[in-house]
Every structure is written in C-alpha cells, then in structure tokens.
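Work through these exercises with the structure in view. Try each task before you read its solution.

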Amino acid sequence: MPLGANKAAIMGTSGVATFSASGGTETTQGSYKVHTFTSSGDFVVTGGVGTVATLIVAGGGGGGGAGGNHGGGGGAGGLRAITGSSVSVATHSVVVGAGGSGGTGGGGQGGDGNNSSFNSIVATAGGGGAGGSAAGRAGGSGGGGGGGNTSNGGSGNAGSYSPVEGYDGGDGVSGTQNGAGGGGGAGAVGAAGSGGSGGAGGAGVANDYRTGSDVTYAGGGGGASGGSGGSGGGGNAGSAGSANTGGGGGGGAVDGNAGSAGGSGIVVIRYPA
C-alpha cells in the first residue's frame with residue numbers, strides 16, 4: 001500500500017509556488033515533480049524553502065555462499081518513507097547505497113549492503129546471508145540475513161523507527177544440506193527453511209512516490225535450496241537482488257557455489273509541481 005503523499009502545496013505569499021530544485025532524473029507525475037536518484041548525486045534547491053516527500057531505500061545484503069550447507073538469503077535494505085522533510089536553498093547530498101557482495105563458494109558470508117541517505121535521513125543496509133552453517137548477519141535497521149542451517153537468522157530493525165525499516169531473517173534447518181532461511185524484507189520476516197528447502201525472502205513494501213502507482217521495494221533474498229525472493233526485488237536462491245530496489249541476494253545452493261549480490265538502493269524526492 002502507498003505510504004502516504006505530501007499533499008501540502010509549497011506556496012509563497014502571492015499564492016504561487018516558489019520552490020524549485022534540480023538533480024537526479026526529473027519527471028512530472030500528475031501534480032508532482034519527482035527527482036529519482038539511482039546513484040549518488042546532489043539535490044540542488046535553487047528557490048524557496050519547501051517540504052518534500054522522500055523515499056530512501058538502502059542496498060540489500062548479499063546471499064551466503066554454500067559450503068557443506070546451503071547459503072542463507074540476504075536481508076533487504078532498510079526502507080524509510082518520510083512525508084514531510086524540510087529543505088532550504090542549498091546543495092543537498094544524496095547517497096544511494098550499493099548492494100552487498102555474494103558470499104564466496106565454500107561457505108563465505110554474504111556482504112552487508114550500504115546505507116542510503118538524504119537530508120540527514122538514513123536508511124540502513126541489509127545484512128548479508130549466512131554462509132554454510134554460520135548465523136545470518138544483523139541488518140541494523142535493514143532486513144537481517146537468513147541463517148544457513150542454524151537457528152540464528154539475523155536481526156532486523158535495531159532502531160526506534162516507526163514503521164519498522166526491515167524485519168528478521170528466517171532460521172535455517174540444522175543438518176547438512178538442509179534448507180537455509182530467507183532474508184528479512186522491509187514488510188515481513190524471512191521464512192525459515194523446511195527440510196531440504198530454503199525459506200522465502202520477506203516481502204517488501206509498496207510506495208507510489210516515483211511513478212504515482214505502487215512499486216514494491218526491499219524484498220529479502222531467498223534461502224537455498226530453492227527459496228523464492230520476496231516481492232520488491234529480492235533474488236531467488238542463486239539469483240541477485242534487483243538493482244535500485246534494495247532487494248537481498250539469494251543464497252548459494254550447491255557446495256562451492258557463491259551467493260548472489262544484493263540490489264542497490266534508490267532515493268526518490270517528490271513535491272507539488
């Protein structure tokens with residue numbers, strides 16, 4: 001569901017909008033001006049003082065590599081949607097976090113993603129999925145990585161944000177080549193493994209700031225073997241998280257297979273045109 005819209009007009013004393021800015025890919029969606037950053041850059045406010053709605057998604061964690069056991073799915077990048085963020089005439093840095101690397105074959109831990117930020121608002125990276133029998137990494141405020149054949153899925157939201165930025169990863173099943181847990185998503189926990197099957201990544205969260213229609217971001221990666229990625233760009237087991245969604249990478253399934261990389265994040269800034 002949409003996380004809300006900034007409907008308040010940015011008006012000068014004459015009743016005419018005075019706010020103006022540049023940066024990123026600029027589009028108009030209905031009555032809104034939208035700036036989309038798929039890589040880091042600057043949001044340059046050249047006129048007025050206004051309030052913008054902002055979507056910030058961090059990079060997803062990479063999936064764990066397979067050793068003697070399957071690799072866990074990477075956690076989704078943290079997602080924050082802020083309906084009212086004041087900005088002044090200045091150059092404001094926008095940071096879009098990269099996804100974490102997949103864990104190396106032989107049981108390497110998936111790499112954590114990277115934070116995204118704008119206007120002192122930070123979305124925290126997803127945690128890397130467990131390699132082999134290790135525990136999934138905590139994701140700060142992002143989704144926690146799935147556990148690989150262990151009862152230790154990584155913790156999700158460690159901050160005091162509401163709504164939660166990301167949820168816990170699922171636990172793996174103890175025992176050689178049993179199912180690994182899915183990575184946590186921005187909207188739901190990752191599923192635990194079951195028998196020899198990996199858990200699905202947690203679902204992401206829909207937001208309409210970029211296109212005017214719902215787009216889902218920040219799904220967790222699937223745990224090996226066979227776990228599906230969460231809605232919102234989470235990679236299936238053996239597949240990378242989708243770019244500019246913050247999706248977690250899928251875990252590696254066969255001994256010696258690497259885990260897959262997490263997807264990069266995105267920053268969207270919107271205000272009345």
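**Exercise 1.** Find the ring under the charged end of Arg 270.

*Solution.* Start at the charged end of Arg 270 and look for a ring. The ring is that of Tyr 32, and the charged end sits over it, 3.9 Å from its centre. A charge sits over a ring if NZ of Lys or CZ of Arg is within 6 Å of the ring centre and within 35 degrees of the ring normal.

Two notes before you go on. This is a predicted model, where local features need pLDDT of at least 70 and side-chain atom pairs count only at pLDDT 80 or more, while totals for chains, interfaces and linings use all residues. Residues are numbered from 1 along each chain as its sequence is written, and side-chain values use heavy atoms, leaving out hydrogens and water.

**Exercise 2.** Find the aromatic pairs in the whole structure and classify them.

*Solution.* Step 1: recall the rule. Rings of Phe, Tyr and Trp (its six-membered ring) pair if their centres lie within 6.5 Å; planes under 30 degrees apart are stacked, over 60 edge-to-face, the rest tilted.

Step 1: search. There are 2 aromatic pairs.

Step 2: take Phe 19 and Tyr 271. Their ring centres are 4.8 Å apart and their planes stand at 80°, so this pair is edge-to-face. Phe 19 lies in the segment before S1 and Tyr 271 in strand S12, so the pair ties together parts 252 residues apart in sequence. Strands (E, at least two residues) are DSSP runs, numbered from the N terminus. Phe 19 and Tyr 271 are buried, meaning under 20% relative accessible area with a 1.4 Å probe, protein chains only.

Step 3: take Phe 43 and Phe 118. Here the centres are 5.7 Å apart and the planes at 85°, so this pair is also edge-to-face. Both residues are buried.

**Exercise 3.** Describe how S4 pairs with S1 and with S7.

*Solution.* Two strands pair if DSSP finds at least two bridges between them. S1 (residues 20–22) and S4 run antiparallel, joined by 3 bridges. Ser 20 stands opposite Gly 47 in S4. S4 and S7 (residues 90–95) are also antiparallel, over 5 bridges. Asp 42 stands opposite Ser 93 in S7.

Key: Helices (H or I, at least four residues) and strands (E, at least two) are DSSP runs, numbered from the N terminus. Buried means under 20% relative accessible area, exposed over 50%, partly exposed in between (1.4 Å probe, protein chains only).
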